[in-house]
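Please read them alongside the sequence and the coordinates.

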Amino acid sequence: MKLSTTGLTKAYGKNVALNGVSIDIPSGEIIGLVGHNGSGKTTFLEILAGLKKPTSGTLSYKPNKDFKRKLGVVLQENEFYPDAKVKEILELFGSFYSKHESIDSVLIKTKTKRFSNEYYRNLSGGMKQRVNIAVALLNAPDLLILDEPTTGLDPIARRDLWSLISSVGHRTTTIVSSHYMDEVERNCDQLVMLKRGKVLMNDTVSNIVKQTGKSLEDIYIEKNEVR
């Protein structure tokens, strides 16, 4: 799914969370969305997902019911029913769609099948995120939005989760926000950096690294360090 935004602004009283964000998001690529806390990342993703309305500006699509049928989202605070089993959660959310991927195929794709009869509350942080993504993949989304999915995970869990994201990422348009520049550099096709609600950088990861001769982590620190 190809999409774009033009002049997106979101204000909460005098606090401007987004200030004229205009970007093109190519189809079938993994886009890394980065920026310091308060840069506007989550607000931007919530507007893309149709969870919030912009104060001004436009999207290249209407975030209506038809759009949301082909949308998958994992927000920072995703927490499902702790006393439900993994398979029960997928069956419940699958019932919300007239058509959806088979539960078994999603369990296999996300490597959660052996946990299908485990209670959600008993899963590790990394496995909970796998289940969260499994739910987001049930409707075979054209757009997948993941808000800091690897925060708080150990290096192995982060690696495994990115392996999952990469395995589905190029069959859909995937936007992933992260504070880990190393994982963005390894796994994303394009980088969008926000600072104080504005677009600071927007290019392919390979172009940015080649033109600057620096790692994304060094670039991020250079652009955001308080002096």
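1. How many nonpolar, polar and charged residues does the lining of the second largest pocket have, by class? There are four nonpolar, six polar and five charged residues in that lining, where Ala, Val, Leu, Ile, Met, Phe, Trp, Tyr, Cys and Pro count as nonpolar, Asp, Glu, Lys and Arg as charged, and the others, Gly among them, as polar.

2. This is a predicted model, in which local features need pLDDT of at least 70 and side-chain atom pairs count only at pLDDT 80 or more, while totals for chains, interfaces and linings use all residues. Residues are numbered from 1 along each chain as its sequence is written, and side-chain values use heavy atoms, with hydrogens and water left out.

3. The second largest pocket holds about 200 Å³ of space, a pocket being an open set of points on a 1 Å grid over the protein atoms alone, where a 1.4 Å probe fits, with protein on both sides within 12 Å along at least five of seven lines. A volume is the space filled by probe spheres set on the points, which are joined across faces, edges and corners. Its lining comprises 15 residues, and Gln 76, Asn 78, Gln 129, Asn 132 and Thr 151 lie nearest the centre; lining residues have an atom within 4 Å of a point. Helix H5 gives the most to this lining, with four residues.

4. The largest pocket has a volume of about 350 Å³. Among its 16 lining residues, Val 73, Asn 78, Phe 93, Tyr 97 and Val 135 are the closest to the centre. Strand S5 (71-74) and helix H5 (125-137) are the elements that give two or more residues to this lining, with S5 giving the most, three residues. By class, the lining has 11 nonpolar, three polar and two charged residues. Helices (H or I, at least four residues) and strands (E, at least two) are DSSP runs, numbered from the N terminus.

5. Six strands form an open sheet of mixed pairing, in the order S5-S6-S7-S3-S8-S9; two strands pair if DSSP finds at least two bridges between them. Because S5 and strand S9 (198-204) stand at the edges with a single partner strand each, one side of each is left without a neighbour in the sheet. Strand S8 (residues 190-195) and S9 pair in the antiparallel sense over six bridges, and Lys 195 stands opposite Lys 198 in S9.

6. H5 lies across S5 and S6, running at about 160 degrees to S5. Contact means heavy atoms within 4.5 Å, and axes are lines fitted to C-alpha atoms, for helices over the stretch in contact, with angles from 0 to 180 degrees between N-to-C directions.
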